[in-house]
Amino acid sequence: MNSIDDYHKRFFGGYRLFDAASGFLLNYAGASGFDREKAVRRDKKLIAAALDFSRRIEAGEPVNASEGRRVDHFNLRKGAGLKKSLAQWEAIKAAIGEIREGRVVNEAGARYTDVIVNGIGGSFLGPLMLLIAKHGADYNFGRGLPIRMHFACNTDPEGFHMLIRKLDLPTTIMVNISKSGGTAETAGNMEALNALLSAGGLEPGRHNITVTTPGSPFDRESREKGFMHVFHMNVETGGRTSVGSAVGMVPAAFAGIDFAAFLRGQAHMDALTRKPDAVENPAMLLTLVINDQIRREGHKNQIVLGYSDSLKETAHYFQQLFMESLGKRLSITGRRLKAPTGLTIFGGVGTGEQHAFMQQIQEGISDSFVHFISFRSRTADFSNNKAGSMGRQLLAFVEGTQKALLGNGREFVSLAFERQDEFNMGMLVALEERVVAFLGGMWGINPFDQPGVQAGKLSADNHNRLSKAVVDRVAKGGFRGTAAEMAAEIGADEADAPGIESILLDIVANHAVSGSYPGQEKCRCAAKWDGAGFGFSIRA
């Protein structure tokens, strides 16, 4: 029996799960190598471990063992937690509504025109995903938003400059999202904006909103400086699972998103993914498919293809959710694993992204499986001679791509939701969050810490210390020599020489740029390649 015939048999033979209440349909018949009954029998202990780990999360146990923390994103939309979240949403919506509707104005009595969402990781990926899902990628065009929205999600001075010069600072607000205020990118962007505001004679407090944890240094700073609003998230809410908290609520309020429906969609999916029967639990079925693929064929990339322009940022969001959560080398108890864990995610919007990578997936190296996402109902359609309508052509591409994958012996799963709206986006996010938790429980890892990311931050802090030491040395009379010689002069380790070379090259390239190296704007700088490294000449 070929793959297409086998798919037909599995398609009508129980390898789908339908939720009549919401219209959600999971189709895993395309995971052709997956034997459900065998997996459920074989992985009985793993299933129990995953369900128990999930139970412990919702019971408030400190499952984030390395940080000694509870994890609360599921509880934000459960029972009393959901009621509290909905009340917080109503309060945030009312406060931001005053700004949106022009009842809160700037120093000159003018309405605010632009808001910058200033956050990194989940603090921007989640809000951006929901904004595009609601208003499309061109969200600042047309009549959808009374206040234009922008994102500062990097520490790139050129990108920040390009953004700022498009805005009228007197009518701009920055929403700063950080648990403590210590996130380097977020703090740097806020510092830069507030310096510009102060230089223009404006009051920074009337142009800043904060989302942070209660009692944090950032909470105190924001109140002392008279910021417009300070909204709270919980310490137990991780960044990559924070979209259901104030992190998502504040941008959603500016965007006119029905966040209550999003939360209720999450709660609905959570109820489905708490079911103890693996065959009736959509998240457990997806988890078993992924785990079985890895067992049979080794680690594979998961290609997320959303067949709606509204899903443009979904793959990017899931990339962080899965890869930061599951890419680990230590067990949850801190022991080194026999082999590192992880699941590589990339993707985009079908059909456009198919022209970027589908040829290789169909006929090249077999290192991927495809995760389709689509919506059944549409609110508009247009004529199309070939297919009958544009929507019917899109359906043809979904079905045609899946059939071609089967013909080439490639596996896939598909998620179909009834319609594109906030409720169903909530369901989608909650489903993938539970898959991550289940995989963490099965693999015996902590999916809620990120030691690798923290290691990068610590290394960046060390580089900043080196940079200041190099600049101080240059300011004392210039410098002539190599990076290794500079390392010796400032008492740095020999291993720091590559980083010091990058600092010296940066001085040569950017000393004349205003703000980069104050006091060195007029120095005479040169770097000369000698075949193995650079020699530097920096003179005042």
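Two strands pair if DSSP finds at least two bridges between them. Helices (H or I, at least four residues) and strands (E, at least two) are DSSP runs, numbered from the N terminus. The model is predicted: local features need pLDDT of at least 70, side-chain atom pairs count only at pLDDT 80 or more, and totals for chains, interfaces and linings use all residues. Residues are numbered from 1 along each chain as its sequence is written, and side-chain values use heavy atoms, without hydrogens and water.

**The sheet**

S13 and S14 run antiparallel and are joined by six bridges. Arginine 524 faces arginine 539 of S14. These strands belong to an open, antiparallel sheet of three, ordered S12-S14-S13. S12 and S13 are its edges, each pairing on one side only.

| Strand | Residues |
|---|---|
| S12 | 479-482 |
| S13 | 524-529 |
| S14 | 534-539 |

Neighbouring strands are turned by 10° against each other on average, direction ignored. Helix H17 (residues 483-490) packs on this sheet and touches S12 and S14. Contact means heavy atoms within 4.5 Å. The direction of H17 makes about 115° with that of S12. Axes are lines fitted to C-alpha atoms, for helices over the stretch in contact; angles run from 0 to 180 degrees between N-to-C directions.

**The helix pair**

Helix H13 (residues 354-363) and helix H14 (residues 390-407) have axes that come within 10 Å and cross at roughly 25°. H13 is therefore roughly parallel to H14, a label for angles under 35 degrees. H13 contributes Gln354, Met358, Ile361 and Gln362 to the contact; H14 contributes Thr401, Ala404 and Leu405.

Terms used. Parallel < 35°, antiparallel > 145°, perpendicular 65-115°, else oblique.
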